[in-house]
Amino acid sequence: MTNQEQLGQPPTGTGERDSTGQHREHRFRRSRDERMIAGVCGGAAELFGIDATIVRILLVAATLVGFGTGLLIYLACWLIVPEA
């Protein structure tokens, strides 16, 4: 139990505890396991706790409907987001 929990305050930061009881933060990282090109959709799926296929479909829809916006978002994430 942390000092903040003892004082009745919620712990700072986002995340959950893993099997060892350690606090684990949720961060956006490119996936090494769920990847087709760069792992951006797989990393986003892990962050939100959904299937990577859903993220891929949403990104393709954003690309088609948004005149290429989805593709620009993907390329920016590929360059900026670190690999797990």
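**Exercise 1.** In which hand of crossing does H2 pass H3?

*Solution.* The crossing of H2 past H3 is right-handed. A crossing is right-handed if the near helix is turned clockwise from the far one by less than a right angle, and left-handed if anticlockwise. The model is a predicted one, in which local features need pLDDT of at least 70 and side-chain atom pairs count only at pLDDT 80 or more, while totals for chains, interfaces and linings use all residues. Residues are numbered from 1 along each chain as its sequence is written, and side-chain values use heavy atoms, with hydrogens and water left out.

**Exercise 2.** Describe the packing of H2 against H3.

*Solution.* Begin with the axes, which are lines fitted to C-alpha atoms over the stretch in contact, with angles from 0 to 180 degrees between N-to-C directions. Those of helix H2 (residues 40-48) and helix H3 (residues 52-65) come within 8 Å and cross at roughly 120°; helices are DSSP runs (H or I, at least four residues) and strands likewise (E, at least two), numbered from the N terminus. H2 and H3 are therefore oblique to each other. Angles under 35 degrees count as roughly parallel, over 145 as roughly antiparallel, 65 to 115 as roughly perpendicular and the rest as oblique. Next, list the contact (heavy atoms within 4.5 Å): H2 contributes Cys-41, Gly-42, Ala-44 and Ala-45, and H3 contributes Ala-52, Val-55, Arg-56 and Leu-59.

**Exercise 3.** Describe the packing of H3 against H4.

*Solution.* The two axes come within 5 Å and cross at roughly 125°. H3 is thus oblique to H4. Leu-59, Ala-62 and Thr-63 of H3 meet Thr-69, Gly-70, Leu-71 and Tyr-74 of H4.

**Exercise 4.** Which residue forms a salt bridge with Arg-32?

*Solution.* A salt bridge requires a side-chain nitrogen of Lys or Arg within 4 Å of a carboxyl oxygen of Asp or Glu. The partner of Arg-32 is Glu-83, with the closest N and O atoms 3.8 Å apart. Glu-83 lies in the segment after helix H4 (69-80) and Arg-32 in the loop between strand S2 (23-24) and H2, 51 residues apart.

**Exercise 5.** Where in the chain is confidence lowest?

*Solution.* Confidence, expressed as pLDDT (from 0 to 100 for each residue), is lowest in helix H1 (residues 3-6), at a mean of 53. Where pLDDT is low, the predicted coordinates should not be read in detail.

Terms used:
pLDDT is the predictor's confidence in each residue, from 0 to 100.
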